[in-house]
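Subject: Handover of a structure for your review

Dear colleague,

Please find below the structure that I am passing on to you. My findings follow it.

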Amino acid sequence: MALSLAQVPHAPRLKAVLPNGASIHVERMEESNTVSVQLIASLEGIANSTETHGQRHLLEHLLAKGPGKTLDKMLETRGMLLTATTTRDYMAFEVCGPAEELGVALKAVKSLLTPLEVTPDVVNREAAIIEEELALTPWTTRLSSAAWASAYGDAGLDPLGSPEGLQKSKPEELVVVQREAFTPSHIVVAVAGPVDVDSTVARVREILSPLHGMVRGGAVERAGKRPAETVRVAGVDGEARGALMPGLGDPMALPTLAAGLALQSAIPDSVLVYTASARPGMAVLCSPEVGSMGRIEKLSEGDKVALFETGRSLVKGWLRGCLSTPSKAARIRGVMLLQAPGADVAEWQGDADRITFAAFCAGLARFGVDEATVVEGSR
Amino acid sequence: MIGAWLCAVALMQPQPFAPKTAELVDPNADTVVVQAFVPAPEMGARDAAAWRVLGRVLLLGTREFSRDQVMRYGSQAGLRPIVVTMPDFMRVEFVAPKGGLSVAGELLEAVIQRPILPELDVRDAVDRLAGSNRQAWSEALWPVQPSWGGVKVEDVKALYARAFRPERVTFAVGGAIRPGDGVAEIAKRFGSWSVPRAQRVRYDLPAKPMLQRREPVSTFELRGEAVSPATANGSATMLATFALGVGKEGSMFRVLREQLGLSYRQEALLWPSAKGWLPRLMMARRSRGDEAGTAKTMRDALLGDVATWDENTRVRALAMAEASVLRQMPFNPFWLDASGPMSDDLSDRTAWRGYLTMVGSGALDEKLLLDSMRNVTLDQLQAAAKSLLERANATVVTGKRQ
């Protein structure tokens, strides 16, 4: 039996925490014809440094092949797809496909929990592929990675990795990272789509209940600090302002995000880089043109009033987008269940309506030169 | 659910300049989308630059709305108004909350018929675009060098006048509307739109192809001819695109990445052009100085793989096509703009119908497209893939060596 089983009122969804600590979230989205099954493992509390930079990403690549490397063939022949991603906070695997293939999706997710068996050759080969991936890193990622690393140190290292860290990775180290990351108390399986909630929870429970693993300590809360100097990034054009973001659920999170989205709409070609998280982090506004961020300091009261309305609309749109498809809903629900079990994304719509002008201006100030991490690229 | 959507297409052409309008009624939607599709006229290198500038400045105010008003009134549903500028067509889009069809229609009318195209912004856009540093992948999607030098506001206005004409524009309306509402709104806004006679123009030379970039990434492309649902053999070519480059069991991922270790990113696109979808097989890798050899390796390796295809290949390709068309899976090769694959959101579902109406194959229901692919045999699939690979134009943009 689950230790806690909570029927969420007015929403056909259920979340459960099993005795071994593993969590389940199932949401019925009747309108959709797609089911998304996601296995999300928290990476919080797992040490990361320049020495191991990229190991998590490498592990994600290797696990996504599945044991025996037959997983993709099995899925794709049925019109299903496995994708994987690694962020600073978690590693996520998603199987999506037609609703009637829920059983196959669950079987695929179960196979991803198999202990990794790889040779050094396989690790090196995959590391080389990731180095190709690094070569394609977008300018926005390069600027925002610099902002994160400056403000958060090793806790802010980008999830992609570095050639040095990747080349040092050994199979036995990856096995340890897998064991740590997939400790039951730090994983969640989130399902969204036109599914029967009760029976799906039962099926997921069958997969997760037998798991056992080491007890892992909780995360040390990440604390960011604005660097005193402008951060310089060689080999890339543009500039960025990194605003320290509290975790979603904090009263200043949505006003800061609203400010970032409003500024993005006002500064040509700018891109706001933000990954939803209940942990402190960053929202980084990037522009390909050095000097364009100076507009933030020149905003008049009238400009701010106009941006306030736009920002509030855009943050509400962003929140709606978070729950708009099974894929997006399963991701945000799963991540929040890992990070802030009491949070309800749907309720944040109301919070967005209540953003005050003063809070919005405080959010704008976080992108200002006095509060933000300032990054400048150079060729 | 796609099956539940009511799809109606009205091609109102009884009178000259009656607007062509595709309509997608989705009773479950909480927004309304209005779009205009404008094909580019014939363009030389300078017009190719002016076309991009036009896309940048179109939303920056109209005779009746300031740029702030366009942005504020146009963002009430939480989505910004956008102009998608493609090499040979443009899409202008407003999204309004449910019940806001009239507001969205009014904004679209003002932007399409009476944009200001401010001179200062035109100059600013020319400077920005000329100096912009696009990523290797996005650069590869549009690998030409427009002639930025000397583009003036007069060029942009003249291009606008040639392109934005009642008989050239196609509209699409989707979302929380009743059947016929979209057609009526567009007819009300654009039915009496009239413009002066188009002036004759002298064309300069076409834009030069891009051959090199300063990023240390080289890109490789094999490009086929445009296909649409109305093209002979189009279904086999589209299915071959799926077999070659969609999913991790597709030939490109399996052979180029997993077997040969050539790249991290390789994929097939069905790229929207004003004539139909272009099959584009694309790959990016760090520059090494062996680009010519790599391009040959890419084509040869894929041709070799096609010869080994069996019935499972066809079944997988079809399953991927179904997933793309009916469920808009992440690696969907159907693109509607340069930002990425078609998604499941209302804007893209509406744009699918608007785009197909513009290219002249009608706002085909997705299921009909799939049915035509289901009839493709393994032999036809292999023949189409072989033909695509053998006849494709190869484009290589060489990156700077590190």
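A:E297 forms a salt bridge with A:R241, the closest N and O atoms being 3.1 Å apart; the term denotes a side-chain nitrogen of Lys or Arg within 4 Å of a carboxyl oxygen of Asp or Glu. A:E297 lies in the loop between β11 (281–287) and α10 (301–322) of chain A, and A:R241 in strand β9 (residues 239–245) of chain A, so the pair ties together parts that are 56 residues apart in sequence. Helices (H or I, at least four residues) and strands (E, at least two) are DSSP runs, numbered from the N terminus. A:E297 is partly exposed at 39% relative accessibility, whereas A:R241 is buried at 5%. Here buried means under 20% relative accessible area, exposed over 50%, and partly exposed in between (1.4 Å probe, protein chains only).

Please note that this is a predicted model, in which local features need pLDDT of at least 70 and side-chain atom pairs count only at pLDDT 80 or more, while totals for chains, interfaces and linings use all residues. Residues are numbered from 1 along each chain as its sequence is written, chains are lettered from A and ligands numbered from 1 in the order in which they are written, and side-chain values use heavy atoms, with hydrogens and water left out.

Salt bridges

Over all chains, the structure holds 52 salt bridges. One of them joins the side chains of A:E76 and B:R316, at 2.7 Å from N to O. This pair crosses between chains, from helix α2 (residues 71–76) of chain A to helix α11 of chain B. Both partners are buried: A:E76 has a relative accessible area of 1%, and B:R316 is at 5% relative accessibility.

Within chain B, B:D290 and B:R285 meet in a salt bridge of 3.7 Å. B:D290 is partly exposed at 35% relative accessibility, while B:R285 is buried with a relative accessible area of 7%. Salt bridges that share partners also join B:E64, B:E109, B:R114, B:E185, B:K188 and B:R189 into one network.

The interface of chains A and B

The contact (heavy atoms within 4.5 Å) takes 46 residues from chain B and 44 residues from chain A. The two chains bury about 3900 Å² between them, 50% of it on carbon and sulfur atoms; buried area is the accessible area (1.4 Å probe) that two parts lose on being put together, summed over both. On the side of chain B, B:K248, B:Y264 and B:R327 lose the most area to chain A, together 17% of what that side buries.

Between the chains there are 10 salt bridges. A:E289 and B:R128 also meet through their side chains in a salt bridge, at 2.4 Å from N to O. The elements α2 (67–74), α9, β12 and α11 (311–327) of chain B each supply at least two residues of the side that touches chain A. Of these, α11(B) gives the most, with seven residues.

Two buried polar residues of chain B

B:Q266 lies in strand β11 (residues 265–273) of chain B and is buried at 7% relative accessibility. Its side chain makes a polar contact of 2.6 Å with the side chain of B:S263 and reaches the backbone oxygen of B:Y264 at 3.2 Å.

B:R114 is found in the loop between α3 (101–113) and α4 (119–131) of chain B and is buried, with a relative accessible area of 19%. The side chain of B:R114 makes polar contacts with the side chains of B:E64 at 2.8 Å and B:Q113 at 3.4 Å.

Cysteines

The search of the whole structure finds zero disulfides (pairs of cysteine sulfur atoms within 2.5 Å) over all chains. The sulfur of A:C96 is 18 Å from the closest cysteine sulfur, in A:C322, which is too far for a bond. A:C96 is buried at 9% relative accessibility, and A:C322 is buried at 11%.

With kind regards

Notes: Polar contact = N/O pair within 3.5 Å; in protein donor to acceptor, adjacent residues only side chain to side chain.
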